[in-house]
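Dear colleague,

Please find below the structure that I am handing over to you, together with its sequence. My notes on it follow.

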Amino acid sequence: MRIINGEVYDPTNSINGEVREICIDKGRIVASVSGGKTIDAAGMIVMPGGVDMHCHIAGPKVNTARKMRPEDHRLDPMPRTSTTRSGVGKTVPSTFATGYRYAAMGYTTAFDAAVPPMAARHAHEEFSDTPVVDKGFFVLMGNNEFIMQQIAAGEREKLRHYVAWLLHATKGYAVKLVNPGGVELWKFRGNAHTIDDEVTGFGVTPRQIIGSLAETSMDLHLPHAVHIHCNNLGIAGNWQATLDTMKALDGRRGHLAHVQFHSYGGRPGGLFTSRVPELAEYVNTHPNLTVDIGQVMFGETTSLTGDGPLAYMLHQIHGRKWANVDVENEEGCGIVPIEYKDKNYVHTTQWAIGLEWFLLARDPWRIALSTDHPNGASFAAYPQIIRLLMDREYRKEILKKVNPRAIAKTTLLEQDREYSLFEIAIITRAGPARLLGLNNKGHLGIGADADVTIYDKLEDKEKMFSSPRYVIKEGDVLVEEGHIRMESYGRTLFVSPPYDPAVEKDIREFFDKYYTIEFENYPVQDHYLPRHQEIRVNP
Ligand SMILES: [Zn+2]
């Protein structure tokens, strides 16, 4: 296939809107090709397929949310067609609807940010039913009892072998921390409020968990850095714990997830203010740090999180139905429906804080667009967020409609910055692919996966990014003008770093003592990943 006459935005290869020919053969980008199909992309924008590095699309909390919210299914049904299965769900769509909607929006890769190891098999089953996109997940390790024991005992080597074994056993992609130590404390009616609170019964602190697992991720040469959901999410004054976490990384690579939810000034229980200027400046001057935003958008959504105490807090504030699911020895999670209102002071502050992050972060390569789907909003809101970033006049219009008292306390009215298409291409594909260590994604250089999105060049950027003209996945035109043209399932991406099998003796003992599941039954068998690709760890 050849794509001709299109304006190409490929930041990885420093291509900024030049008219270029893109050639595809056997699912990869090649230098030239003879014969085959030609797409004339005159008047169109050509970008690599979108990459979502932080969303929630599989695993127990997503599935619990689906079960808990039948009203959500009814909001947005997708009838079957000759090329697609049926699906339902607006904020927590079913597997099929999830894959089709990402694809129809030009996204070809998505990573679930939080799967407890014990539920890995189930997450893979859902992945194999999630069409079109390539996908992977991060493995929850921030409240894992075996890990906390090794940290407390100073067993650095054993910790490294265990983490490698756990990634191998779960076929996961990266190390994820959610409210490190705090979820374990919550099981005893507590929580971690600073990164120096001690986790009862383990003698470790969030600071030690963060440092040890950042170190371990680097020692194992994992393609993605330790991925951190900090302590105190959603609580006024939490910016201090966020800054402490950044400092605790002490130069080691670390990714701070949905940083919007962690940038609040004020006092716990009191009114929120924005502390983005201080935090963004810290990130700007520390190249070891990367973030995704977790933008809040107004409307109804579902909060689902590995942070059990957070969901309980939201349930207390909003009085809506709530589910809590603890995972033995490993994690917890909570789910609660939530509506973000544009007249509400707190919600407007959250919305504004996300935009401040986008506008104050200087290096687009180190921030990624996310809504923490569906926590801040559904991923379906990405096109509207892009318009807010690219179109200052539109942003000003919206600013007039939201809570003015909240906006006055942020720097948003002073921000005139507009993102270019080149920068949008960075924060939606090139950057996330680089942060994930996916060398063949997020760009259109020779050898890259032929995941390509072609948009009509429109003034209204929301419209433009909502419905690409063509979406090409591994060389096949899967989407044309919003319609899925053929069945395709994408691959599951995972890592399998080497470990010393001697560690299995200790893990087995731990299983015999504390797990309700046998050691032998724990690792995910290969046939749960019918279409997969191992991403090699760097030597
Ligand atoms: Zn998340």
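Which residues of helix 9 are buried? In this predicted model, they are Trp-239, Ala-241, Thr-242, Leu-243, Thr-245, Met-246 and Ala-248. Helix 9, which spans residues 239-248, is thus mostly covered, with seven of its 10 residues buried. Just after helix 9, Asp-250 adopts a positive phi of about 50°.

The largest nonpolar core here has 136 residues, and the members touching the most others are Leu-213, Trp-351, Trp-357 and Phe-358. Helix 16 (residues 421-435) supplies the largest share of this core, namely nine residues. A second, separate core holds 19 residues, among them Met-1, Val-8, Leu-444 and Ala-448.

For Phe-358, the contacts beyond four places in sequence are with Ile-293, Gln-295, Ile-367, Leu-369, Ile-385, Leu-389, Arg-417, Tyr-419 and Ile-427.

Finally, His-161 belongs to helix 6, which covers residues 156-170. Is His-161 buried or exposed? His-161 counts as buried because its relative accessibility is 15%, and the cut-off for buried is under 20%. Leaving aside residues up to four places away in sequence, His-161 touches Tyr-499, Asp-500 and Val-503.

With kind regards

Terms used:
Residues numbered from 1 in each chain as written. Predicted model: local features only at pLDDT ≥ 70, side-chain atom pairs only at ≥ 80, totals over all residues. Heavy atoms only, no water. Core = buried A, V, L, I, M, F, W, Y, C linked by side-chain atoms within 4.5 Å. Buried < 20%, exposed > 50% of the residue type's maximum accessible area, 1.4 Å probe, protein only. Helix = DSSP H or I, 4+ residues; strand = E, 2+ residues; numbered from the N terminus. Contact = heavy atoms within 4.5 Å.
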